[in-house]
Every structure is written in structure tokens, then in C-alpha cells.
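Keep the model open beside the text as you read.

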Amino acid sequence: MWTYWIKKEIARQLARSQEKRKKRFVDYRKTEILTLLIERESIDSILSVVKDLSKEPIRLSLVVLGDGNALDISAYPEIDILELTPENLKFGKRLPDKNAVKKFIGFNTEVLCDLSLVERLPFLYLMSISMARMKVGLQKVSLNPYDFMIRSAEDIAARDLLEKILFYWRNIDIKDNNL
């Protein structure tokens with residue numbers, strides 16, 4: 001029952017934020033701030049890609065949905081990290097608490113990239129309240145808050161998803177007169 005009401009609230013919030021935010025396709029070469037939403041069990045698989053991204057002039061931040069096992073934040077000194085654990089989730093571990101939301105909003109992200117492979121309510125909620133100019137992710141069954149989606153006929157790993165998103169995003173050539 002909680003899930004139904006939460007999804008309804010997320011859909012309402014998405015509709016409201018679509019009116020307020022400055023939605024547009026952001027050229028990869030001009031991106032300043034990128035936030036990745038990822039599940040804790042998938043983070044090790046994307047580390048090499050994240051390290052390559054951190055060499056570029058893009059400020060990175062991570063939102064990690066974990067199970068309570070602490071993430072070694074010292075391994076990522078140049079990256080802002082918000083870890084969503086059972087302690088900072090409410091409503092049966094379905095939504096982030098207000099401190100987590102404040103920290104997320106403080107990232108002030110330009111592009112929000114959801115690397116979750118299945119629907120995760122905490123990530124959907126954060127996507128719905130975000131004013132990011134562009135939202136990217138894997139197309140899922142119900143709510144799709146994305147401006148740019150990847151479809152996959154077969155199961156895909158988080159690393160493959162991130163690599164595909166970056167490949168297509170980098171190769172879409174944006175002309176100033178096409179914005």
C-alpha cells in the first residue's frame with residue numbers, strides 16, 4: 001500500500017518539477033556537474049569508468065543506495081558522496097529523509113544519471129525533486145523521469161549501462177542553433 005501512495009506522490013512531484021526546471025539536452029563537452037545514482041552492489045563495477053570521468057573537467061557526485069555496509073568514502077576524495085542507508089530512509093526504506101534530501105539538493109547537479117537496473121523508489125523520489133537540466137537512465141516499466149533513456153532488450157550491468165550512456169551522450173553533436 002505504501003508503494004502505491006509513494007509512486008503517486010512521485011508522479012505528482014515529477015509533473016510539478018517538469019514545469020519548473022530548465023529541461024534541455026546538455027552537451028557532454030559543456031557539462032560541469034554530473035551526479036550518478038547507483039546501487040551499492042554495483043559500485044565496484046563502475047569504479048574504472050568513474051576514475052576516468054574524474055580526470056575530465058566534470059565535478060562528480062555519487063548517490064549510493066546501500067544496505068547498511070559503510071562505503072569507504074576515503075577511496076573517493078574528489079567525489080561528493082551521499083550514501084542512502086536504512087538509517088536515512090523512511091516509510092519502510094522507500095524514501096530518503098530530509099537530511100539526505102538537503103545534501104542531494106546541495107549537489108546542485110546539472111546532469112543526473114540513474115544507473116539502477118530496477119525501479120528504486122528512493123532514486124525515483126530524488127529524480128522527481130531534482131532540478132537537473134538533464135536526467136538520464138535505463139528505461140523501466142512504470143515511471144520514467146528521464147529526458148534521455150537507454151533501452152535494453154536483455155539484462156544489462158551497471159557498468160555497461162554507464163558506458164552506453166556516455167557513448168551516446170558524447171556522440172550526440174549539439175549545435176548552438178539546435179538548442
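In helix α3, Ala100, Val101 and Phe104 are buried, where buried means under 20% relative accessible area, exposed over 50% and partly exposed in between, with a 1.4 Å probe and protein chains only. Seen down the axis of α3, these buried residues fall within an arc of 100 degrees, so they line one face of the helix; the arc is that of the directions from the helix axis to the C-beta atoms. The buried residues of α3 pack against β1, β2, β3 (80-84), β5 (95-96), β6 and α4 (121-129), with contact meaning heavy atoms within 4.5 Å.

A word on the ground rules. This is a predicted model, in which local features need pLDDT of at least 70 and side-chain atom pairs count only at pLDDT 80 or more, while totals for chains, interfaces and linings use all residues. Residues are numbered from 1 along each chain as its sequence is written, and side-chain values use heavy atoms, with hydrogens and water left out. Helices (H or I, at least four residues) and strands (E, at least two) are DSSP runs, numbered from the N terminus.

What comes just after α3? There Asn108 takes a positive phi of about 50 degrees, although Asn108 is not a glycine. Most residues other than glycine have a negative phi. Asn108 sits in the loop between α3 and β6 and, at 58% relative accessibility, counts as exposed.

Thr109 also has its place in the loop between α3 (98-106) and β6 (111-114). Is Thr109 buried or exposed? Its relative accessibility is 11%, so Thr109 counts as buried. The side chain of Thr109 makes a polar contact with the side chain of Thr35, at 2.9 Å; such a contact is a pair of N or O atoms within 3.5 Å, where within protein one must be able to donate a hydrogen and the other to accept it, and residues adjacent in sequence count only if both atoms are side-chain atoms. Leaving out residues up to four places away in sequence, Thr109 touches Ile33, Leu34, Thr35, Ser130 and Ala132.

Now move to α2, where Ile43, Ile46, Val49, Val50 and Leu53 are buried. They cover an arc of only 120 degrees around the axis, which puts them on the same side of α2. These buried residues pack against β1 (33-39), β2 (59-65) and α5. Ile46, one of them, has a relative accessible area of 0%. Its partners, not counting residues up to four places away in sequence, are Leu36, Ile38, Leu115, Ala158, Arg159 and Leu162.

Helix α2 (residues 43-54) packs on helix α5 (residues 158-171) at an angle of about 30 degrees, with the axes 7 Å apart. That makes α2 roughly parallel to α5. The contact is made by Ser45, Ile46, Ser48, Val49 and Leu53 of α2 and by Ala158, Arg159, Leu162, Glu163, Leu166 and Arg170 of α5. Axes are lines fitted to C-alpha atoms, for helices over the stretch in contact, and angles run from 0 to 180 degrees between N-to-C directions; under 35 degrees counts as roughly parallel, over 145 as roughly antiparallel, 65 to 115 as roughly perpendicular and the rest as oblique.

Finally, step back to the chain, which has five helices and eight strands.
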